[in-house]
Every structure is written in structure tokens, then in C-alpha cells.
Amino acid sequence: MAYVAPIHRASSVRHALKLSFLAPDQDCLVVAKANRLEFYTQGADGLSLQHTKAVYGKVTMLEKLRPASSPTDHLFVGTDRFTYFTLAWNAATKQLQTEKTFESVADNAARESQTGERVHVDPSGRFMTLEVYEGIITVIPLVQGRGKKRKHESDAVQLGEPVPARIQEMFVRSSAFLRPQNTDKAKLAILYEDGQSRANLRIRELSFDRGDSIELYDGEKYKGEIEIGASHLVPIDAPTYGLLILGETSIGYYSEETSEILVHPLEEATIFVAWAQIDGRRFVIGDDYGRLYLLMLIVNEDDQVENWKLDVIGQTSRASVLIYLDAGYIFVGSHQGDSQVIRIGEKSSDTVQTFSNIAPILDFTIMDMGNRSGEGQTSEYSSGQSRIVTGSGAFQDGSLRSVRSGVGLEDLGVLGEMEHISSLFSLKSIGPSDFVDTLLVTFVNESRIFQFDAHGEVEELEEFAGLTLAETTLAAANVSQGRIIQVTNRRVQITDLDGGMVVAEWQPPGGHTITAASTNDSHVLLSLGGVTLVALNIYEGLKVIMEKTFGADSQVACIALPPTTSSICFVGFWQNSKLSICSVDTLEALTSLQISESSVPRSLLLTQIFPDQPPTLFAAMADGNIVTYTFKVSACELSGRKSIVMGSRQPSLRAVPRGNGLFNVFATCEHPSLIYGSEGRLVYSAVTAEKATTVCPFDSEAYPGSIAIATSDDLRIALVDTEHTTHVQTLKVDETVRRITYSPSLKAFGLGTIKRTLKGGEESLLSHFKLVDEILFKELDTYPLNEEELVESVMRCELPDGAGGFAERFVVGTAYLDDQNATAGRGRILILEVTEDKQLKVVAEIAVKGGCRCLSMCEGKIVAALIKTVVIYKVEYSTASTPNLVKAATYRCSTAPIDMTVNGSLITIADLMKSVVVVEYKQGQTGLSDTLTEVARHFQTTWSTAVAEIDQNTYLESDAEGNLAVLYRDPNGVTDEDKKRLNVSSEMLLGEMVNRIRRIDVATATDAIVIPRAFMATVEGSLYLFALISPDYQNLLMTLQSNLAELVSSPGNIPFAKYRAFKNAVRQADEPYRFVDGDLVERFLDLDEELQMQAIEGLHVDLEAIRAMVEVLRRLH
């Protein structure tokens, strides 16, 4: 059974719309990203997200409607499953509500539109048209009959039932309603392509006929010639009316009065892809190369168009949709680049806001996949220590994107290189100040003081407020009456800020060393050598309240005081991993418990994580675990024990203010993490501060809300996010990064790129293989391919070096654009080495008869998937420095190999049309030739896109229609046919086409709920984690998913089972088969307790256990 959950949600924008949705007098921008709707409002700082909601289906169309008595617009949404519905905003619940749903307008006998789905609303408000299938326009009346409405019907019922109308125009490029001019009939303009690939324009009329029936009349066809490259129709408002026809070499104006087209050529040919109207005479237009144009109509005194003026006003991402917001601001929604908000001026524009987009992901590689050990389950991606580096975008929007999960850290400045920092403390030099301005830095045998001014300038001080700097500081803090308390390994002292006079001092008797200290407003608690505890009263000049010595069988491991004045303290002991709550006055245990059976507590911290709840006690264990308890102050007891593995060594804990009296906890270990409260639960999230050794809050005037971070090398000031997010870093390449591979030894990426250039209206493509540094993303060297040759595949591997050893090499597979002009073959395989000065050098190449789609290694030999054949190549040396590629074995595919994965001698091939086949490589014995033999096949028609082996004899396959299938082979089957058949063990509709699947191997505990096996990247910019469910949890998760599907509603009331059911051109299932959707299961934590209780009915597991299980699943990513 399989589990899939999103790591990074879809970021591609294909559809957007402006409407008054959230409030009557406020414009709202709704953006569709795959199956999610996001609602933004515009403010002084740009667009801000107000609401987001998942839809059970990929959004394919958006339109706005305004019912007669509604103060706000309604949103019409169409999905790829041919379901359509309208949404309204419920201001009371702050949620979307479904007003009307159309079950389906699917027509199994019709062919889906090849030019995309379209929706239009008649400007007079009578009709809506849907273009989903070729040759069919579905008309939805927006009023009952001729504007009449029955008494008991709500406004939502004004949408009538869909009426399909057949038309002759099959390949429609664009369509639009003409603006009405005193006529009862709505006019729909259709730009279409005929059988000779010529562009034609027809104006059809739409009206009610004989009561409530709808008639779509043939109308008139423009008899003149239209540019062959015409692509868009742009309706023009009053008083000009008519249409603009955007072409590749010209722009034409169609006059509704004369039925003639006025055409003027463009100065430079281009391909227009999107447009938006500013007002009656001005439009913005985007082209395929990212250029943004301002088009202005030039009209005469009679408001007739005479000409137009077109100016380039800027460069943006390649637009999928353009929306004019207001006051010169334009939203550029992009599929293959970052979406942007642009402010346009006179012949210029500038970018004021950018929304990161990693779509489409053509390829990716995984970095920093370390191994962590412990008794709990960990995920290497969610640890923040692994990065997924993607090849994203296309052409001028092409880039490398580094995607990492965790809590973000923004460096504000570095104080300098310092080693062996043991602790940090922030202090105020002026007692009543709202900000700290002084940083006390502790080393092994000294302390140093750094003071900051209001502008962030820093100065190291030789002395400060009488503090002892020649000793290591264990604790320091501001206390009342403008004083500072400092605890070193030899003394405790209170000094005045003014003058630095020592007000009070205490030294341990007998020359004992202070090994641990904790302070709050009223007390100091000290541990002397782990043997003696001493409690001092700050208000009474460090008067000893109590001193207690423990025996050899009860050594103190750690101590802590509550952050505010209290009569209790916490003491951790080495023996039996005991934790005691003691009275400060007597140091006698009020209550004790055993934290762990296998480790000891080494650090304690009590802090307020949740509002209106008791504080939480954190205990950092010597083995890398963190144990937490809820501390009930009135009863003086600990309850609700929980534990999580943070690493393999003791974490150090520090409270970081979050605001409103709440705190986060920063845990520094080999995997630094931020612990925070969210939805009543503790969340552990990695921080992107890999070398942090200790931290402290540093809320200064120059750096408000910041923290000071000591690493093994330096000291820096940084801002830390309060919660976990996905962080994306971008390296602009300005070329399509089609293939990517990573070399750990070189600490560099190998990139296969495609660059597009436009000269004199002629487009040309040039491909390169680039070597790029992993840290600075600096280009180290580039190897250009031949003209008309494109990179198809890239691989890093170890190959024979001719001297009996192996050397690292990059292997590049290519294909020629024009097969007929390829003299030696239709592609090449190149072997490149990287010299000591990081330069690329070709050591071998071979021409092949087909483009080399993918590459892999099998038993030290190169496996190349050509257009119709999979070939094994041996690397042999004719001389010590001249390697040659020698063909060893071949296998003929059913159609064409798309992807492949290798494990041992088994090669799994994803075929273009015939799903998956497994072949076995055998070396020839006693002079016989090597062979590739088919051992198993999936006997179904599937348009495969990627494949990966996720377990022994188990494979994950994706197809072009957005489905996922887990296939397994039974080599011990009863019959030969059983052994050779790949069977389906799980399948579901993901809803996005997967471009690449990469296997991962993560060490998990024996009792892990799921075992992560692969990452998947999609065309829409999503990254998914795929995992196999442990047998003990399969029924539990499947039942929980089924229960949640009944309880969790979605916009449009679309059933979850129908949404996730496998569907392709051959068959359609009723529900997902043995697949668990992590996105749905994790929504369990968002439900109120009453619904949670309903969701676990029949599971025979208590609520807290289910919550804990879902939290573990959420932490996977």
C-alpha cells in the first residue's frame, strides 16, 4: 500500500481573475494553481493572501457572475474532471460556500479541445458558454427564460442546465463575445482553423428561441483572408466596439458595423500569448519571449479605429494570464517563470512583487541525504538537511531552484570569525529600555562584550558594568533596580549598570567550581560539581536560601528555574534518569519521575508555548532525544510525556520570544531545529542554520526580533521565521535546464541546457552541457553541442580509466532536431571528464541511430535508451588513453523508451505507450554474446512518463494523464505467465503529470508508520513524497481516509473517491486503490474535536494516538 503527500505545492499559474468576491467594495484576485484556489487583495505592500482552498480537480477555467441580489460576485470554477460549480464567500464563517454544482458535462463520444478549455459570459448577462470539446459549445442560461425567476428559487438557481450545441468549427484558436450594440442577440466570435490550416473568423448569434430553448445560429463568416498566425480575439468596449485579432506578423481590427478587418503589420514578428484590458482603448499584451507591450487604439472623431500604436514597456516572465489590477498595476501569472506584479509607466515598467514558481520541473536531483539514527522515525527532507535541486522553467525563464524544508534564517550581519563559543547572553545597558543592545559572548576561559548602537554599528568593550570577563560565564541577565546578575564558574555577582559597582557577590566555599546555573527574577540556582545544589535569593543580596549535598549515588546532571518568580525548581539526575520538582526553599523533592530508561537529562527548560495552556517542560537527553511534559503549576505535576529524536548528541535548548508572552524553543544539535506551537500541537522543524552551536534572542533597536547565532566558525545576527515553511532559492540560468545530475566529489552540478535565441524574427536553439559549482552556482565550464543538436540525458558515473581503476565521468546523450541532416546518426553519446582545473574534456563519443532519451549504469556498463532500442555499451580501451564504446547487447522496445531505472542486472523501462517492462542483462559465457531478456511486463496501454524501483520487484509508474500506479513482480509465481506479469498493487489519480521520480533510501525505525521511498516532481511545480505504508498501519490509514472523505467537504461537493480514482483513455475506476492521500489525512488535525471523534469511529484507537500518528506523518515533509 502506498502513501503520497506534497512537499511543495503547485506554483504554476495558468488561470486568474479579478472580481469583487470577499467584500462588495473590494477587488479580489483569485489565482488557480493546479487544484488550489488562492484569493489575494491588493494593499500598499502589494498582493496579500487572504484565503486558500483545495479543489478536488485541476482548475481549468474561472469566470465571475453577479446574481441580481448578491452584494458580491460569485466565482464559476471548471475542473479537468468536467465538473463545474459556483462559489460565494460566506463573510460570517470566512469560508467558501458552494452555490450550484453541475454534475458533469462530459461527453465520452467527443474529443477534448486541443487548444484548451474556455469559458465566456455574455456581456448582457444572459448566457455562459463552455468550450470543452471540439465541435461543441455548451451554453448555460444565466436566467430562467427571459429573465423571469420563480418565487421560491434563490439567486444561485439562475444558472440553468447546460445545453450542448454542435458547431462546424473544430479547431478553435480563440473565441469572445462581442460587446452588445442595441441587439437582442448575443454575438460570439470564433477564430478557428480549417482543414488547410487557414485561419477563419465566424460570428455566431446566440438567443432564447421559443420560450426557454436556446439557439446558436450559424451567423456570418468573414470572407476575407486572415493571417495564418492569428491566435487571439480581443473584444473592444463601447464606443468603439468590434474585435482585435492578434497575429504573429500583424494586428487586425474587425469592425462589427462594416464586417471588415483593418490590418497593420508589426515591426517585428512575435507570438502573443496573453492580454488584459486597461480601459476602452488601451491593452497590455505579453508575448512568448516575456516582452510586455502596451497597445493603444487610435480612433477618429466618430470613434472608428484608424490605427494602433504598440510599444514594448518591459520584460517579464512568459505570461500565461494577464490581469489589470488597478492604478497601473498588472498581475503576470506564469506557468514557466515566476509570477509577478508589474507597475507600468510611460514606455517602461518595473517589478514590485514576485511569487516564486518552480514549474515546470523537468528534472531534479537530491543533495545532502545524510543518515540519522535514533528510536523515532525521521525524514531526511523534513530535517532540512537535504535539498532538492530542480531544473525549472523554460528558455528565458529557465533556472535552478534549491528547495529545502524548514524554518528560514535570514543573515543580517556577521560580527567576525570566532571559534569555541560556548554560550551567548543578551543584555540591556540601560535598564528601562525596550531593546537589548549588548551581547555577552562566552568562551572556554573568558567572556567578551559587544555593544550595538541604534544604527547597528558594533563595538567590542574592554569592560561593561563591572562584569568579570576573565572567566567563563554560565548565566547573565538584567534584574530589577538597573542591575545585572552574572554567574561564572567561580562566582555569582550583582553589579550596577551605572558605574559597574559590585552590589553583591557570592563565591562557593572550599574552592568548588560552579558547573551549572539557572536564574530568574528572584533566585539563582547553582550546581557545584554536580554534587551540591545552592539556592540564592537575588532580592536579599545573594543570601543563601538552602544548600544541599547529594551522595555519590545521586549526582546532579542539569538544573532549571521557571522563567518567572516561583517557589520550585527542576533537577535532573544521572542515576536512573530521574527528574525531580524541588522546593527552592528546602531543595527537597516534591515529586519525581523517570524520564528515560536508556539516557539521562542534560538540559532543562520551562517555557510558555501555547496560549491559555500550562507551560511546557523540555528535557534534552544525552542521546539526542527531547522529552516534553505539560507542567500543571497548581498541582505541581508533570503529565503528557512525549519524545522525539533530534539527532545523536545532546541538544542545547534556548527560549526565543514569539510575541504575546509566548515562546519558541531553539534546539541546537547536529540538526538545529525550532520547536513551536501550532494548532495546539508541538511542531519540530529544522532551521537552515547547519553549523549553529548556541543561540540567544537579540531584540535590538537596529535588529528587532533577531537572534544571535554562534557557529563553529563565527558569530552572526539573523532573523528566524516563527514557523516551518518551504524555502526556495533561485539561480537564473536563462536557459531551459532540461537535465541535471550532481557530483558529490566535485561538489558541482552537471546541467544539460537549451538556449533559445531570436534574430531577425528567426528562432534558433543551442544546447550546452554546463558544470556549475554547488554553493555559488558559478558556471565552471561549458561544452556546446553541435548546431541542431539537443541534450536529452545526462548522467554522472564511475567508468574504467584505462589503468585498471575507475574515474568519475559525465555521460551526455543527445538527439538531432533534423534527422535527415544528421550525417553520422540521429544522436550522440559523449563521455566527458573534468580536469583538475574544473574544465570539461571529451574523452569518447559515439554516433547512435536514435536520440538518446535516458542513460543509466548496469554492472559497470552504460545503458542507453535510444528512440526504439535499449543498448548496453562497454567502455574498452584501444590504447591507455583512448576509450571506445562497444555495443554489448540490445533490446527492442514496443514503441519508445521514456525513462528507466536499474537495480543490479534488472533494467526497468517505461515505454511511451506500453507501460513498463523489466529486462535482465546477462553477460555471455564461453564466448557467447551478452543478452537483454524480457522477464516481466505490465500488459496495459499506458502513456508512461517516469518510473522508479521503490522496493524489491516493486515499481512506481506515472503516466501522461496524471495517474500513479505501483506495480509488483512475483518471481516465485506458480506459472511462467505469473512470473512475467507486472500486477497493480496500488493506483490513484494524482491530477498532475509527473516528469521525474527519484528513489530515496531513508533509515527508518522498525515501528515506522510509512517508509519514504521516492520524491516526485510534476509539470505544475509540485514536489511529492512517496512512501510505502507499514503493514500494521494499512487498514488504519485506509479506514481513516475513508472516514475523512465523508466528513471533509470540498468546493463543488465533489466526492473524494471520484477525484482520486484512476482515470485514463482506456478505463476509469470508482475510487483510489490501496493509496492513501496524505493531504487529506493530515487535514485531520485541522478538524474540531467533535469531527475528529467521528473520523476515528471504528478504528478502535484513542484520539490522542491518532493525533500523534498524523503529526508524525505531517513531519515527514
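Reply: The model is predicted, with local features requiring pLDDT of at least 70 and side-chain atom pairs pLDDT 80 or more, while totals for chains, interfaces and linings use all residues. Residues are numbered from 1 along each chain as its sequence is written, and side-chain values use heavy atoms, without hydrogens and water.

Me: Which residues line the second largest cavity, and which strands supply them?

Reply: Lining residues have an atom within 4 Å of a point. The second largest cavity has 14 of them, with Arg-118, Glu-131, Tyr-133, Met-170 and Val-172 nearest its centre. Strands (DSSP runs of E, at least two residues, numbered from the N terminus) E11 (127–133), E12 (136–141) and E14 (171–177) each supply at least two residues of this lining.

Me: Why are strand E70 (854–858) and strand E73 (882–892) said to stand at the edges?

Reply: Two strands pair if DSSP finds at least two bridges between them. Four strands form an open antiparallel sheet in the order E70-E71-E72-E73. Strands E70 and E73 each have a single partner strand, so one side of each is left without a neighbour in the sheet.

Me: How do you know that strand E71 and strand E72 pair?

Reply: Four bridges join E71 (residues 861–865) to E72 (residues 869–879), and the requirement is at least two; the two strands are therefore a pair by that definition. Ile-862 stands opposite Tyr-873 in E72.

Me: What span is expected of helix H2, and which of its residues are buried?

Reply: The expected span is 1.5 Å times one less than the number of residues. H2 (residues 1031–1047) has 17 residues and reaches 25 Å from its first C-alpha to its last, close to the expected 24 Å. Buried means under 20% relative accessible area (1.4 Å probe, protein chains only); the buried residues of H2 include Leu-1036, Leu-1037, Leu-1040 and Leu-1044.

Note on methods:
1 Å grid on protein atoms, 1.4 Å probe; cavity = no way out; pocket = protein on both sides within 12 Å on 5 of 7 lines; lining within 4 Å. Buried < 20%, exposed > 50% of the residue type's maximum accessible area, 1.4 Å probe, protein only.
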